[in-house]
Amino acid sequence: MADGNLSVVAVTLVGSHARRGEMKKRFSYRAYPDADQRAMLAKTFGCARVVYNDFVAYCRDSYEKRGVIPDLNEVKSIVTAQAKRTPERQWLAEVSSVPLQEAARDAQSGYRAFFMSIAGTRRGPRVNPPRMKRKSGRQVATFTTRAFTVRADGCSRWGFVRLAKIGEVKFRLSRPLPSCPSTVKVICEPSGEYRVSFVVEVEAACPAAVESVAGVDLGLAHLAIVAGSSGERYRVPNQRNLRSVEHKLAKAQRRLSRKEKGGRNRDKARIGVARLHARVARSRKDQLHNVARRLVDENQVIAVENLDVVALGKTRFAKSIADAGWGILLGLLRSKARESGREVVVIDRWFPSTQMCSQCGRVDGPKPLRIRIWKCECGAVLDRDYNAAVNIMLAAGLAESLNAHGGVVRRVLALADPSELGTHLADARASA
Ligand SMILES: [Zn+2]
C-alpha cells in the first residue's frame, strides 16, 4: 500500500553513471613556504586576483552597461597578455604567467556558465555571475604541469613542489601521491595557513557490491539519521562545532572590532578570528568525511532527501544548518559513491517523510518538532526520525530491499525504541 503511494514521488538518480577506469582526485597537503617564497606567493596571488577582477569588471561593463555579451576568449587575452603591455598592468609580468592564465580561465568558465544560464542553454538552477575577489579572503594560485614539478624526499615525510618563479616549496607529505599530478593549487587561508592541492589521475577502485541500502534523514537535532535495510539504524550527532567555540569566537570578534583599521593589532586580531574559523572547519570536514565514508562503505544505494540548503539558510535555522554542513555532506557522498561504484538517490524535498507512516502509508499531517514518537492509526508506534529515514528509502524505490526480509526490517527500523516510550508517548497523546 505504502509503495503505491510513493511511486509518484520524483526521483533523481545521481552517480549511476559512475565512470570506470581513470578518475581525477584531489590530494591536499599543508605547505611551509619560506619568507622569500611567501613574499613571491603574495605577489602571485595579488596578480591572479587582479586578472580575475579585471575579467569580471570588463564583463560587467560590457554586459550591464552596454548590454553586450563579450567574446570571452578575447577578454581573456585583454586581461592577461595585452594588459602586461600597458603601463598600469606591466607588473603582471613579474610573476609566472600560468597562474594568471588560470585565473582568467576560472573567471571565463564562471561567465560562460552565467551567459548560458541567461540564454537558457544551461540546465539546472540559475547561475549568478562571478563576483570580485577580495584581498582578505582565501588566496589561490593555480599552476599547470608546464609551471611546476614535484618530488618526494625518499623516506622522509616531506614533499617538494618547484613552482615557476617561486622556487621549491616544501609540504608535509601526509600520504603518498599516487601518480604525477596535472595541476596544483597553492592556497593561503585567511588564517595564514598554506596548502598545496594536487589534481591526480587515479585508477578507480571498484569494491565488491554490497546488499544493504540506506535511507538518510538529515536533521537539525542530529546531523543524520540512518536506517539500513540490513536492520541497522543509528543517529549521527551534530557536533555543533561552531557552537562550542562560539563563545571564544564572539570574544575574538569583539576584540577585532575594537582595533583600529589598518593597524598591526587589527591584523593580529583578524588572524585570530580566522584561526578559530579554520579549526571549526577542519573538525567539521573530518566528521563529514567519516559519515560519508561509512555510508558509502556499508551501502550499495544511499537515499537522501534533497533539502533546499540555500532557502533554509535564510531562515533562523541558518546557523545550525551552516554548522551541520548538509550541502558538503551530500557532495562528499556523491564523490565517494562515484569512486566506489555506489549510488546516491536524491528524493524530492516536498515529500512528507516525517508525516507518513512507513508501515501503512497513511499521511498524518504535520508534527511539531518536539513530537519524537507518534502512534499511527494502524497501531505502529513510530520513531519520528527513523520513520522518516525508512520513508526516504521507500520514496527512492528501495522497497524491494526492505521487503527481502519479509517486511520485518521495515518494522524494526521505524518503530520507537521501547525504552523511550514512557516519556514521549504521553507527550504525543497530550498534543493529539
Ligand atoms: Zn500506520
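The following exercises, each with a worked solution, concern a predicted model of one protein chain.

Local features are reported only at pLDDT of at least 70 and side-chain atom pairs only at pLDDT 80 or more, while totals for chains, interfaces and linings use all residues. Residues are numbered from 1 along each chain as its sequence is written, and side-chain values use heavy atoms, with hydrogens and water left out.

**Exercise 1. The chain as a whole**

Task: State the secondary-structure content of the chain, its buried share and its accessible surface.

Solution: 
- Step 1. The chain contains 13 helices and 15 strands; helices (H or I, at least four residues) and strands (E, at least two) are DSSP runs, numbered from the N terminus.
- Step 2. Of the 432 residues, 44% are buried. Buried means under 20% relative accessible area, exposed over 50%, and partly exposed in between (1.4 Å probe, protein chains only).
- Step 3. The accessible surface is about 22900 Å², and carbon and sulfur atoms account for 52% of that surface. Areas come from the Shrake-Rupley method with a 1.4 Å probe; for residues, only the protein chains shown count as cover.

**Exercise 2. Helices H2 and H3**

Task: Classify the packing of H2 against H3 and describe the contact between them.

Solution: 
- Step 1. Two packed helices are described by the angle between their axes and the distance between the axes.
- Step 2. The axes of H2 (residues 35–66) and H3 (residues 72–84) come within 9 Å and cross at roughly 135°. Axes are lines fitted to C-alpha atoms, for helices over the stretch in contact, and angles run from 0 to 180 degrees between N-to-C directions.
- Step 3. H2 is therefore oblique to H3. Angles under 35 degrees count as roughly parallel, over 145 as roughly antiparallel, 65 to 115 as roughly perpendicular and the rest as oblique.
- Step 4. H2 contributes Val51, Asp54, Phe55, Tyr58 and Cys59, which meet Leu72, Val75, Lys76, Ile78, Val79 and Thr80 of H3. Contact means heavy atoms within 4.5 Å.
- Step 5. The contact of H2 with H3 comprises 8 nonpolar, 1 polar and 2 charged residues. Ala, Val, Leu, Ile, Met, Phe, Trp, Tyr, Cys and Pro count as nonpolar, Asp, Glu, Lys and Arg as charged, and the others, Gly among them, as polar.

**Exercise 3. Helices H3 and H4**

Task: Determine how H3 and H4 are oriented, and examine Val98.

Solution: 
- Step 1. The axes of H3 and H4 (residues 97–119) come within 9 Å, with a crossing angle of roughly 155°.
- Step 2. The two helices, H3 and H4, are therefore roughly antiparallel to each other.
- Step 3. On the H3 side the contact includes Leu72, Asn73 and Lys76, and on the H4 side Ser97, Leu100 and Gln101 are among the residues involved.
- Step 4. The residues of the contact of H3 with H4 divide into 6 nonpolar, 5 polar and 4 charged.
- Step 5. Val98 lies in H4 and is buried, at 4% relative accessible area.
- Step 6. Leaving aside neighbours within four places in sequence, Val98 is in contact with Thr142, Phe143, Thr144, Arg146 and Ala147.
- Step 7. The C-alpha atoms of Val98 and Ala141 are 8.9 Å apart, although 43 residues separate them along the chain.
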